[in-house]
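Have a look at the sequence and structure, then read on.

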Amino acid sequence: MHSKVTALRTAYALLLSGIFILAAVLLSACGREERNTGTLEEWMGISVEETVQNVYASQFRIEKLSGGYRRISAGDEEILIIPEGKQVPEGLSGKVTVLKQPVEKIYMASSSAMSFFQELGRLDSIAYTSTKASDWGDKTIRSLVDDDTITYVGKYNAPDYEWLITEGTGLAVENTMILHNPATREKLEQLGIPVIMERSSYEEHPMGRMEWVKVYGCILGMEDEAEKWFDEKNIKFKELNTDDGEGVKAAYFSFSPNGYINIQAPSGYFAGLIRAAGGVYAFTAEDLNADEDDSTTMHISMEEFYKMAKDADVLIYNAAIYGGIESIEKMTEEKPLMTDFKAVKNKRVYCTSEDIFQKPTAVAEIVEELKALYQDKDVDMSFFYKVEDR
């Protein structure tokens, strides 16, 4: 916690404790009043006027309802957006997350979702984060966290609940890691803080992930701006000529401390990026004995990795987890089998930037860099760098 936060907490420790307890009771009671029984379809006087048509995304649906209300469905979550000045409908199911506009003082526990707010020009709506200043790749966001304009409130699975309650929190945006820590979400909701889970990483097509800007535009009351921004990016994406990269076989991976190789299943986000640039992903569902729609991280042995990726034209190391590769020589010293890889022999080994996954809004730029990487072009890159010998 930054010095300003520490000082404030020290000065008002007793007061905060009292407010914390009172606020928790009142907010929980308020939440119960707004969440009764019934279904969305049973609302009196509210109907679906239009369903927003997605271009690529499959993980969310936005419905425009009468009276200016909006309903967002994502996975098993239903989110109801209440326009400013409107009332929460009676008979609302307790499973529905209610967001009253304007949605402000957002707690951003998903670092990748921050870029959507940045592109929409609404970083001012973010008040708290679970990512330290030093872990932000974007200089603007890093500066905002460093000077407490956006306050670091602790790790995503153990935030400072007192701080979030006493300072006020309009929404918590969690990443999928919250699934492994359900008690954290339950605690936030018990305190009256609405929670949504950022699911864009489940999108198979990389532009589907970028299309999640529409979800946040809807929440912020900036639907037109989000649509325009996405349409412009989509035009740029469609204009990319990926023929130059056609047929290049690429393996995306990282070494884990326990000796296994971490890879992404064929339907994962990065595998989609590789294909979007015209390349061929080295790992198939058949080879991995995985479902075609599996998008998770998988762990395979070094021997399995060798079998599937030894003839890959390029190797792309995920530096976002444990950092990058120091050199080809050091890599082969630690993993002798890597010496026989085609990409190692041809010195076609690359690392991602550590912040690449904080920028789902940069799909077109990432795909363009992948094209250059496939062709081994000596150009400046923001999201990749070539691993050299010592």
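## Charges, rings and strands

E334 and K330 both sit in helix α14 (residues 328-334), four residues apart, or about one turn of the helix. Helices (H or I, at least four residues) and strands (E, at least two) are DSSP runs, numbered from the N terminus. This is a predicted model, so local features need pLDDT of at least 70 and side-chain atom pairs count only at pLDDT 80 or more, while totals for chains, interfaces and linings use all residues. Residues are numbered from 1 along each chain as its sequence is written, and side-chain values use heavy atoms, with hydrogens and water left out.

The term salt bridge here stands for a side-chain nitrogen of Lys or Arg within 4 Å of a carboxyl oxygen of Asp or Glu. E334 is exposed at 52% relative accessible area, whereas K330 is partly exposed at 28%. For those labels, buried is under 20% relative accessible area, exposed is over 50%, and partly exposed is in between (1.4 Å probe, protein chains only).

The structure holds 18 salt bridges. Here are three of them.

| Pair | Closest N to O distance |
|---|---|
| D313 and K342 | 2.8 Å |

K249 in strand β11 and D311 in the loop between α12 (302-309) and β15 (314-317) are 62 residues apart, so to speak a link between distant parts of the chain. D313 lies in the loop between α12 and β15 too, and its partner K342 is in helix α15 (residues 342-345), 29 residues apart. D311 is partly exposed at 40%, as are D313 at 21% and K342 at 34%.

Now the rings. There are 17 aromatic pairs in the structure. Rings of Phe, Tyr and Trp (its six-membered ring) pair if their centres lie within 6.5 Å; planes under 30 degrees apart count as stacked, over 60 as edge-to-face and the rest as tilted. Y252 and F270 count as stacked because their ring centres are 4.0 Å apart and their planes are at 10 degrees. Y252 belongs to strand β11 (residues 249-255) and F270 to helix α10 (residues 269-276), so this pair ties together parts that are 18 residues apart in sequence. Both are buried: Y252 at 5% and F270 at 0%.

F253 and F255 are edge-to-face, because the centres are 5.5 Å apart and the planes at 70 degrees. F253 is buried at 1%, and F255 is buried at 13%. These two belong to one aromatic cluster, together with Y281, F283, F305, Y306, Y317 and F341. The charged end of K335 also sits over the ring of F255, 5.1 Å from its centre (NZ of Lys or CZ of Arg within 6 Å of the ring centre and within 35 degrees of the ring normal).

What order do the strands of the open sheet take? The five run β8-β7-β6-β9-β10, with parallel pairing, where two strands pair if DSSP finds at least two bridges between them. The edge strands β8 (151-152) and β10 (195-197) each pair on one side only. Inside the sheet order, β6 (residues 106-108) and β9 (residues 171-174) share three bridges, and I106 stands opposite L171 in β9.
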